[in-house]
Amino acid sequence: MQLAAPAKLNLCLYLGPRREDGLHELCSLFEPLALGDAVEVAEAERDEVVCPGVEGENLAARALAALREAGWEHPPLRIEIEKRIPVAAGLGGGSADAAALLRLARDLATRAAWWIPDLEAIAAELGADVPSQLTPALALVRGAGERVERLPEPAPHAAVLLPDGGGLGTAEVFAEADRLGLGRDAAELEDLAVRLRAAAGAGASPLAFRELLANDLEPAALSLRPRIGDALDALRTAGASHALLTGSGPTAFGLFPDLAAAHAAADELDRDDAIACEAGR
């Protein structure tokens, strides 16, 4: 069985106050990408998650363990992940793999009329990006990622990604944002959520509301890895209608009206790490 595990973009990311649990309130628009990992699942003698080229336990293994702990009784599975989403790049690759397994559990349980655990609760425990990827779609995401509001599919558009080798830690970027005093108050986050819902709720391309697309973590990521600024400049020079950081980085991305324009820009950039792909579906 083959599962799709699409990457995600943060079309915007607004940073709010730090909560008592140490996480930050956020307001963001997530959208899926055509870029995704390939996840192959087969029955086996014991549960096993294999991800060649990625060392250590990954989020998919944690998702499977969480399903078992919650009482999911499907026979043991061998899960092999072919990584196509750059690792530690702010594109939600690990979360995509975990969410794909949770979707599989839901689908198998539905077909067989089995009991299924609370997948939303498991997703929230696994990580901030996982709840939104249980059903990959354009979504307004709030809280620390656990409040997900699905929005209509946007008009066609595409993106060019410059992952810059990945490896910029999320916790490190948030800590730098705190050091720099970045962030907004709760009232401003609420106002931004209203504006984003109105702008994206009619199915418009994000290119139609570029004034709302910003990433409050960008100054922190730039402080830690200044060459992100060079990637953003390169995307603008190559014709991106809008360019910014996704998530906590280090991937910079540019938006384009269609895939042909994205491919042309990627060719002009002439960078080994440039990825052109459709977005929003």
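Guide: Let's start with a cut-off: a residue counts as buried when its relative accessible area is under 20%. This is a predicted model, by the way. C277 comes in at 6% relative accessibility, so C277 is buried. C12 is buried as well, because its relative accessibility is 0%.

Now for the sulfurs. A disulfide needs a pair of cysteine sulfur atoms within 2.5 Å. For C12, the closest cysteine sulfur belongs to C27, and at 6.1 Å that is too far for a bond. For C277, the closest one is in C12, 18 Å away, so a bond is out of reach there too. By that rule, the disulfide count is 0.

Stepping back to the chain around them, buried residues account for 52% of its 281 residues. The chain's radius of gyration is 18 Å, which agrees with a compact globule of 281 residues, since that would have a value near 19 Å. Along the principal axes, the C-alpha atoms fill a box of roughly 55 × 45 × 35 Å. The chain has 9 helices and 10 strands. Of the contacts with a separation of 6 or more, 75% are between residues 24 or more positions apart.

One last stop, at the rings: searching the whole structure turns up 0 aromatic pairs. F30 does have a charge over its face, though: K8 lies there, 4.8 Å from the ring centre.

Conventions:
Residues numbered from 1 in each chain as written. Predicted model: local features only at pLDDT ≥ 70, side-chain atom pairs only at ≥ 80, totals over all residues. Heavy atoms only, no water. Buried < 20%, exposed > 50% of the residue type's maximum accessible area, 1.4 Å probe, protein only. Phe/Tyr/Trp six-rings, centres within 6.5 Å; stacked < 30°, edge-to-face > 60°. Lys NZ or Arg CZ within 6 Å of the ring centre and 35° of its normal. Helix = DSSP H or I, 4+ residues; strand = E, 2+ residues; numbered from the N terminus. Rg over C-alpha atoms; globule rule 2.2 N^0.38 Å. Contact = heavy atoms within 4.5 Å.
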